[in-house]
Amino acid sequence: MMNAADRRTDLLAAAAATVTVVLWASAFVSIRSAGSAYSPGALALGRLLAGALVLGAICLVRREGWPPRPAWRGIGISGVLWFGFYMVALNWGEQEVDAGTAALVVNIGPILIALLGARLLGDVMPPRLLAGMAVSFAGAVTVGLSMSGGGGSSPLGVVLCLLAAVGYAGGVVAQKPALAHASPLQVTTFGCLVGAVLCLPFAGQLVGEAAKAPMSATLNMVYLGVFPTALAFTTWAYALARTTAGRMGATTYAVPALVVLMSWLALGEVPGALTLAGGALCLLGVAVSRSRAASGAGGAGGTGGAEGLGAPKGAGGAGGAEGAGRAAGPGDAASAKECHGPQ
């Protein structure tokens, strides 16, 4: 039986996860503008600088201070792999492959998170989680294939998307232990700063492209930094601290379904029957992976009894990262029809 405090923690964690996947899905629309005017590295750096500026200001207002020493290892690794490497690799890779290939390769990220979490963090992988991830992965690939438009794929693009998925997974698993020592805001802020420093070699490109880019593209890049990065990565960290890495990774499979809906509402792109079916599979898989067994037992891995995050709707970034699908995640695609993980 859950007491009132545990139930409140569950609701807050579910709300945080929901904010994350909604904002990562919203990045799809912004990436369509920003990615057409900015190269992969410049887009990643501009996004991270905007995010770090906002996060830094919030930290100063809240007087968060520096993270404790035990948290720095996880912050540094996640900053390099997820905030830095993932965003650049995914931005670049999605310029080289079609949406179906991106969906297939990048969406192995949540599966890698579950496997690494079990191996390195001692997380439990219950049958419901594995079954839900299998269903969601099939849905993400279906959405990607249905929206790909028949584009081609280069070996380089496949390798880049694979590396992005690995970076996303490694970053999430490294971030989890850091949250035991530092606040979600601290972990996100300093991880973003690490990623920005890693991307500084692209500063020249960013300055040159910003001088020529239309204002709409620059504003969308800033939006990516403020909301899908600063806010969504913080809410992600908050929820991750209260559940297992595998379950949080599975939650990002809801992103493809949301992207389909947002593209329909914001861009007038009416989804076909196959796309809708894929989105439904994504949501069904998330619901299965987030559900509890009949006994109501909590998961392992220091979840604090908050394993039952609800099934929020649905990289880049990111993945893987912005990791699970661009219709999918911490993603960042330049193509209008690409599909990947976290935005």
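Start at the largest pocket, which holds about 230 Å³ of space. A pocket here is an open set of points on a 1 Å grid over the protein atoms alone, where a 1.4 Å probe fits, with protein on both sides within 12 Å along at least five of seven lines; lining residues have an atom within 4 Å of a point. The volume is the space filled by probe spheres set on the points.

Before you click on: this is a predicted model, where local features need pLDDT of at least 70 and side-chain atom pairs pLDDT 80 or more, while totals for chains, interfaces and linings use all residues. Numbering runs from 1 along each chain as its sequence is written, and side-chain values use heavy atoms, without hydrogens or water.

Now select Arg73, Ile77, Val173, Ala174 and Pro177: of the 13 lining residues, they sit closest to the pocket's centre.

Zoom out to the fold: 13 helices and 0 strands (DSSP runs, H or I of at least four residues for helices, E of at least two for strands).

Next stop, Trp236. Setting aside residues up to four places away in sequence, Trp236 touches (heavy atoms within 4.5 Å) Thr20, Trp24, Trp82, Tyr168, Val172, Gln175, Met248, Gly249 and Thr252.

Finally, show buried residues (under 20% relative accessible area, 1.4 Å probe, protein chains only): 56% of the 343 residues qualify.

Notes:
Buried means under 20% relative accessible area, exposed over 50%, partly exposed in between (1.4 Å probe, protein chains only).
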